[in-house]
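Let's walk through this one together, starting with a pair of side chains and then moving on to the ligand.

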Amino acid sequence: MEVKINNSKLELVEGDITKQDTDAIVNAANSSLRGGGGVDGAIHRAGGPKILEECLQIGGCSTGEAVITTGGNLKARYVIHTVGPIYQDGCHREPELLASCYRNSLQLASQKGIKSLAFPSISTGAYGYPVADAAKVALSTIITYLKEHPEIESVRLVLFGHSTLTAYEQALKTLV
Ligand code: AR6
């Protein structure tokens with residue numbers, strides 16, 4: 001599924017984020033930036049040790065914030081590492097913190113002259129955020145940003161598995 005937000009493209013695809021040819025890919029990291037499982041593990045495996053070296057130099061990242069490294073051996077030139085909230089019950093600032101992840105990642109992209117980026121579904125794996133709720137937060141935050149920032153030409157959500165893709169498609173239909 002693909003929509004236009006002014007002149008920018010927003011697309012939803014099923015796939016593996018490590019294979020994307022966008023200028024940057026976004027990692028769903030943890031605050032230590034020392035790597036982990038899920039999408040974090042896949043990015044470090046595919047990108048090689050250079051990314052972890054840079055992460056260790058940065059030293060850490062708070063929930064809702066984002067930092068940037070080069071892309072190592074990946075096709076993408078940069079990896080933006082952001083730390084999603086661990087879902088408790090939805091009443092512990094989870095939506096606000098998840099929105100910050102997307103917004104701060106997009107702001108870093110704008111600052112670095114990155115024109116295309118790919119996001120995974122942040123927080124909906126190990127961190128337990130219900131996918132339908134996370135999809136609404138992710139897409140509404142991205143759409144708001146793209147409306148004000150035409151310098152970002154394309155945002156791709158790379159969803160792992162068909163049910164996650166379907167949840168994002170349903171959320172997007174209610175927003176555009
Ligand atoms: N490409 C795209 N999406 C993927 C891939 C991939 N290669 N692999 C998994 N996903 P998660 P979180 C999906 O757990 O919930 C790590 O250990 C996955 O199916 O990667 O933010 C970190 O170090 C799910 O839909 O991230 C943290 O400790 C989504 O990516 C913690 O997990 C996010 O799942 C972060 O948890």
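**A salt bridge, then the ligand**

R156 and E11 join their side chains in a salt bridge, 2.9 Å from N to O. The term here means a side-chain nitrogen of Lys or Arg within 4 Å of a carboxyl oxygen of Asp or Glu. R156 sits in strand β7 (residues 154-159) and E11 in strand β2 (residues 8-14), so the pair ties together parts that are 145 residues apart in sequence. Strands (E, at least two residues) and helices (H or I, at least four) are DSSP runs, numbered from the N terminus. Across the whole structure, a search turns up six salt bridges.

A word on the model: it is predicted, so local features need pLDDT of at least 70 and side-chain atom pairs count only at pLDDT 80 or more, while totals for chains, interfaces and linings use all residues. Residues are numbered from 1 along each chain as its sequence is written, and side-chain values use heavy atoms, with hydrogens and water left out.

Now for the ligand. There are 22 residues around it, and N30, G37, V39, D40 and G125 come nearest; to be near, a residue needs a heavy atom within 4 Å. By class, this shell has ten nonpolar, ten polar and two charged residues, with Gly counted as polar. Helix α1 gives the most to the shell, with four residues.

Which backbone atom lies 2.8 Å from an oxygen atom of the ligand? That is a backbone N or O atom of A126. Taken alone, the ligand exposes 700 Å², and the protein buries 88% of that (Shrake-Rupley method, 1.4 Å probe).

Notes:
Polar contact = N/O pair within 3.5 Å; in protein donor to acceptor, adjacent residues only side chain to side chain.
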